[in-house]
Amino acid sequence: MIWETLKPALIFPGAEAASYEEVFQQVGGALTKAGYTKETYVEALIEREREYPTGLDVEGWGVAIPHTPVEHVNSETVIAIAIFKDPVEFVQMGTDDETVGVRIVFMLAIAGKPGEHGAHLDELQRIIAIIQDTALLQNLLNAQSADEIIKLIEEKEKTL
Amino acid sequence: MKKKVIVACGGAVATSTIAANKVVELCKKNGIDVEICQVRISEIQSNLPADLIVTTSKVKRDFGVPLITGMPFISGMGVEKTEASILKVLQG
């Protein structure tokens with residue numbers, strides 16, 4: 001279950017950022033400072049987002065799932081969550097220039113061996129189930145604390 | 001006759017894993033014998049030939065193989081249409 005692995009120190013309700021680069025410096029920086037990702041992680045996030053954007057428009061809700069190749073992550077797979085007061089502009093996944101105002105970011109620090117595909121399917125399916133649940137997205141936006149966010153995700157996972 | 005489907009995304013670490021699993025489930029449900037080749041966008045060329053390419057990232061190049069976006073598997077919007085077009089290619 002994802003909620004059990006969530007760390008309050010990596011959950012940021014009421015965050016503010018002017019650009020996705022700033023989002024990555026803040027949230028990606030926290031992952032690196034906490035030792036989950038390598039020094040190259042933030043730069044790799046920015047570089048990868050430019051080529052392979054991760055913005056999603058889920059029935060009007062802006063979500064993003066930035067991540068890097070495994071080479072930039074240490075041994076543990078962790079997820080950081082940031083909820084933004086004001087939308088941050090991301091390009092939509094699968095497009096060059098269609099943008100979406102993102103307020104919910106699930107930053108995935110996926111560990112593994114380079115070239116190893118198909119790992120973490122269970123965790124990824126749970127994340128997909130979460131970001132496709134617009135009622136949950138609404139509740140996440142209104143959550144005031146990390147614990148509340150973890151509780152919401154726990155309740156969702158219990159229905160899967 | 002076994003079908004080969006290449007599933008690709010930027011880093012072949014997250015979204016292609018989801019899309020690959022969805023294609024496997026769809027083929028199982030419809031009795032299609034399929035081999036999935038999950039790769040990075042940059043590795044598509046070297047993994048041809050294939051019957052179909054499903055990507056969750058933007059691909060401009062034409063590989064001479066039907067290419068369908070797997071984006072709906074991630075956003076959850078328009079999944080039926082995507083599955084129908086995948087079946088059309090694999091059962092066509």
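This is a predicted model: local features need pLDDT of at least 70, side-chain atom pairs count only at pLDDT 80 or more; totals for chains, interfaces and linings use all residues.
View 1. Helices here are DSSP runs of H or I with at least four residues, strands are runs of E with at least two, and both are numbered from the N terminus. Residues are numbered from 1 along each chain as its sequence is written, while chains are lettered from A and ligands numbered from 1 in the order in which they are written. The lining includes Ala44(A), Glu47(A), Arg48(A) and Glu51(A), along with Gly10(B) and Arg40(B) from chain B. Sort the lining by class and you get three nonpolar, four polar and four charged residues. Here Ala, Val, Leu, Ile, Met, Phe, Trp, Tyr, Cys and Pro count as nonpolar, Asp, Glu, Lys and Arg as charged, and the others, Gly among them, as polar. The volume is about 190 Å³, meaning the space filled by probe spheres set on grid points joined across faces, edges and corners. A pocket is an open set of points on a 1 Å grid over the protein atoms alone, where a 1.4 Å probe fits, with protein on both sides within 12 Å along at least five of seven lines; lining residues have an atom within 4 Å of a point.

**View 2. The largest pocket has a volume of about 230 Å³.** Its lining counts 17 residues, and nearest the centre lie Tyr52(A), Ile41(B), Lys58(B), Val59(B) and Lys60(B). Helix H3 (residues 41-51) of chain A again turns up, giving the most to this lining with three residues. By class, there are seven nonpolar, three polar and seven charged residues.

**View 3. Helix H2 of chain A has 14 residues.** From first C-alpha to last, H2(A) reaches 19 Å, close to the expected 20 Å (1.5 Å times one less than the number of residues). Among its buried residues are Tyr20(A), Val23(A), Phe24(A), Val27(A) and Leu31(A); buried means under 20% relative accessible area, exposed over 50%, and partly exposed in between, with a 1.4 Å probe and protein chains only. Their cover includes H3 and strands S1 (11-15), S4 (78-91) and S5 (99-109) of chain A.

**View 4. The largest nonpolar core has 53 residues.** Such a core is a set of buried Ala, Val, Leu, Ile, Met, Phe, Trp, Tyr and Cys residues joined through side-chain atoms within 4.5 Å. Ile81(A), Phe106(A), Leu140(A) and Ile86(B) touch the most other members. Helix H1 (residues 15-29) of chain B gives the largest share, six residues. Leaving aside neighbours within four places in sequence, Leu140(A) is in contact with residues including Ile83(A), Phe106(A) and Ile153(A); contact means heavy atoms within 4.5 Å.

View 5. Leu48(B) and Pro49(B) are joined by a cis peptide bond, with omega about 5°. Pro49(B) is in the loop between strands S2 (34-40) and S3 (52-55) of chain B. Over in chain A, Glu59(A) has a positive phi near 50°, though not a glycine. Glu59(A) is also exposed, at 53% relative accessible area.

Conventions
Side-chain values use heavy atoms; hydrogens and water are left out.
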